[in-house]
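User: Hi! Could you walk me through this protein in plain words?

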Amino acid sequence: RAKGTASYKVRLPPNFSILTMSTRMGPGVFCLHTEDVNRNDMLGAECHVITLRPRLILTNSSEHEIEISPEKEGTNFLLAPGTSSEMHWAVKSGDEDSPSTSLLFRPVCNPPCQW
């Protein structure tokens with residue numbers, strides 16, 4: 001292995017729709033999208049492209065900053081108006097095939113809104 005590289009072993013789900021992983025950068029929850037590559041484009045080899053897409057993308061379509069609180073994570077974050085952000089969360093062992101999470105959100109305004 002080349003210096004400065006890392007490898008991770010992951011369990012691919014039986015239905016190839018959801019992939020969860022935990023790395024030094026944090027947890028990841030992804031949807032898997034696969035597609036075939038034409039054999040003629042690969043000198044006759046059989047190849048597939050696998051794309052990892054975030055399982056959850058939050059978009060703030062309001063005029064206000066939104067405060068988001070992932071209930072299980074305990075770390076709030078802000079989402080500016082007109083922006084989107086992917087969100088990942090830690091998945092418990094045994095829940096890899098159907099990961100779920102809960103969110104609380106409120107607009108950032110004065111007086112402050114309650115959860």
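Analyst: Happy to; we will go through confidence, strands, sheets and a couple of residues.

Analyst: This is a predicted model, so to speak of local features we need pLDDT of at least 70, side-chain atom pairs count only at pLDDT 80 or more, and totals for chains, interfaces and linings use all residues. Residues are numbered from 1 along each chain as its sequence is written, and side-chain values use heavy atoms, with hydrogens and water left out.

User: What is the average pLDDT of the protein?

Analyst: The average is 81, and 83% of the residues score at least 70. Here pLDDT is the predictor's confidence in each residue, from 0 to 100. Confidence is lowest in β1, with a mean of 79, and highest in strand β6 (residues 77–79), at 93.

User: And what about places where pLDDT is low?

Analyst: Where pLDDT is low, the predicted coordinates should not be read in detail.

User: Got it. How many helices and strands are there?

Analyst: Zero helices and eight strands. Both are DSSP runs numbered from the N terminus: helices are H or I with at least four residues, strands are E with at least two. Along the sequence the pattern reads β-β-β-β-β-β-β-β.

User: Which strands make up the open sheet that has β2 in it?

Analyst: That open sheet has three strands in the order β1-β2-β3, with antiparallel pairing. Its edge strands are β1 (18–23) and β3 (47–54), each pairing on one side only. From one strand to the next, the twist averages 40°. Such angles run from 0 to 180 degrees between N-to-C directions, with axes as lines fitted to C-alpha atoms, for helices over the stretch in contact.

User: What does pairing rest on?

Analyst: Two strands pair if DSSP finds at least two bridges between them. Strands of a sheet pair through backbone hydrogen bonds, either parallel or antiparallel. In this model, six bridges join β1 to the antiparallel strand β2 (residues 26–37). Thr23 has Gly26 in β2 as its bridge partner.

User: What is the order of the sheet with β5?

Analyst: The order is β6-β5-β8, an open sheet of three strands with antiparallel pairing. Here β6 and β8 are the edge strands, and each pairs on one side only. Neighbouring strands of this sheet are turned by 30° against each other on average, direction ignored. Five bridges join strand β5 (residues 66–70) to β8, and Ser69 stands opposite Leu104 in β8.

User: New topic: how much of the protein is buried?

Analyst: 19% of the 115 residues count as buried. Buried means under 20% relative accessible area, exposed over 50%, and partly exposed in between (1.4 Å probe, protein chains only).

User: Why does Trp89 count as buried?

Analyst: Because its relative accessibility is 5%. Trp89 is in the loop between β7 (84–87) and β8 (103–107). A polar atom of its side chain lies 3.2 Å from the backbone oxygen of Ser100. The C-alpha atoms of Trp89 and Met21 are separated by 9.7 Å, though the two residues are 68 apart along the chain.

User: And Thr20, buried or exposed?

Analyst: Thr20 is buried, with a relative accessible area of 16%. Thr20 sits in strand β1.

User: Which residues is Thr20 in contact with?

Analyst: Leaving aside neighbours within four places in sequence, Thr20 is in contact with Gly28, Val29, Val91, Glu96 and Pro99. Contact means heavy atoms within 4.5 Å.

Note on methods:
A polar contact is a pair of N or O atoms within 3.5 Å; within protein, one must be able to donate a hydrogen and the other to accept it, and residues adjacent in sequence count only if both atoms are side-chain atoms.
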